[in-house]
Amino acid sequence: MTVKMTRVWDATTEFLNERASAVFAVAAGMIFAPALVSGVLERSVAPNTPGMAAVQLIGIVLSLVTAAGALAITALAIRPIRAGEAAGIGARRLLPFLGVSIAVLAVVFVAVIPVVAILIAGGVDLEALAAGSIAAPGMGTGMTFALLGYMLVAFAVAIWVSARLVVLLPVIVAERRGLGAIGRAWHLTRGHALKIVGLLLLYGIVAAVLSGGIGAAVGAIGTLLGAGQPGLSVGAALVAVVLAVISTMLSVVQSAFTGKLYTALAPAGDLEDIFA
């Protein structure tokens, strides 16, 4: 089955226009609000203080709410359901999502082990490196090329795997799968990886420009209004709001697109009993 990404994008924009009120309701409460609260708290407490541990714990809880929000937006994109129903689906699918995420992170951890091994073999002090400096002598040319070569290969593999697993969240949401969602997503994207890779790279560039450009401009304005000073200020609040808006927009677009991509890739018969 051939799927045109332009049609998927058209379906995404149509969905965002037609279901704007439902998307806004879910995004405002489950993505924007947690991001804003987390951002404000981080800027209200000085680093390396007792209060920072509590802020980090609250941030973890809020990140779970944000993840449930992304799942809810995905559900909205797959089926024309109500915002409250989508929020409930996002909450119910959160635990399977966390299980799959832990499995994926475990694979990433294993992939990082060769990097650590090369650094150690090259005589790099890992403790000093973690602190921001390298106390040991620099690596030799051979080790440097080995490290760069491995990182380039790992990056290419990571992009390819990301493309093959791009519909992982929709599968978790729609088909009530746990670890089996990985194999299912891999199967659905067969033959479409190169097109998806192009979209991922484009999305990454747009996200970087949007976050970097607007973030830098707002950060400069925020500094003039007191951002960076101890305690919460008008500038710090402004920066937190703008960054929360940007992250919400990116999350909504990504979730909506992957939801529509899933409906385009999955056979029609597979969509009949979803959310049952």
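## Starting at Trp 186

Trp 186 is partly exposed, with a relative accessible area of 33%. Look for Trp 186 in helix 9 of this model, which is a predicted one. Leaving aside residues up to four places away in sequence, Trp 186 touches Val 161, Arg 164 and Leu 165. The C-alpha atom of Trp 186 is also separated by 8.4 Å from that of Leu 168, and these two residues are 18 residues apart along the chain.

## The whole protein

The protein has eleven helices and zero strands. If you read along the sequence, the pattern is therefore one α after another: α-α-α-α-α-α-α-α-α-α-α.

How much of the protein is buried? Of its 276 residues, buried ones make up 36%. The protein exposes about 14800 Å², and carbon and sulfur atoms supply 72% of that area. Contacts can also be sorted by how far apart the partners sit in sequence. Among contacts with a separation of 6 or more, 71% are between residues 24 or more positions apart.

Which residues of helix 8 are the buried ones? They are Leu 168, Pro 170, Val 171, Ile 172, Val 173, Ala 174 and Glu 175.

Arg 176 counts as exposed because its relative accessibility is 52%, and the cut-off for exposed is over 50%. The backbone here deserves a second look. Most residues other than glycine have a negative phi. Arg 176, although not a glycine, has a positive phi of about 50°.

Two packed helices are described by the angle between their axes and the distance between the axes. Begin with helix 3 (residues 50-78) and helix 5 (residues 94-121): they pack at an angle of about 105°, with axes 10 Å apart. An angle from 65 to 115 degrees counts as roughly perpendicular, so helix 3 and helix 5 are roughly perpendicular to each other. On the helix 3 side, Leu 64, Ala 67, Ala 68 and Leu 71 meet Leu 94, Phe 97 and Leu 98 in helix 5. The residues of this contact divide into seven nonpolar, no polar and no charged.

What about helix 4 (residues 83-92) and helix 5? Their packing angle is about 40°, and their axes are 4 Å apart. Helix 4 and helix 5 are therefore oblique to each other. Helix 4 brings Gly 90, Ala 91 and Arg 92 to the contact, while helix 5 brings Leu 94, Leu 95 and Pro 96. By class, this contact has four nonpolar, one polar and one charged residues. Notice that Leu 94 takes part in the contact with helix 3 and also in the contact with helix 4.

## An aromatic pair

The count of aromatic pairs comes to one. Trp 9 and Phe 257 form this pair, which is tilted, with 6.3 Å centre to centre and 45° between the planes. The pair links distant parts of the chain: Trp 9 is in helix 1 (residues 5-18), Phe 257 is in helix 11 (residues 234-265), and they are 248 residues apart.

Are the two partners buried or exposed? Trp 9 counts as partly exposed because its relative accessibility is 41%. Phe 257 is buried, with a relative accessible area of 14%.

Ala 146 counts as partly exposed, at 33% relative accessibility, whereas Leu 147 counts as buried, at 11%.

Definitions and conventions: Residues numbered from 1 in each chain as written. Predicted model: local features only at pLDDT ≥ 70, side-chain atom pairs only at ≥ 80, totals over all residues. Heavy atoms only, no water. Buried < 20%, exposed > 50% of the residue type's maximum accessible area, 1.4 Å probe, protein only. Axes fitted to C-alpha atoms, helices over the stretch in contact; angles between N-to-C directions. Helix = DSSP H or I, 4+ residues; strand = E, 2+ residues; numbered from the N terminus. Parallel < 35°, antiparallel > 145°, perpendicular 65-115°, else oblique. Contact = heavy atoms within 4.5 Å. Nonpolar A, V, L, I, M, F, W, Y, C, P; charged D, E, K, R; others polar. Phe/Tyr/Trp six-rings, centres within 6.5 Å; stacked < 30°, edge-to-face > 60°. Areas by Shrake-Rupley, 256 points an atom, 1.4 Å probe, with all protein chains shown as cover.
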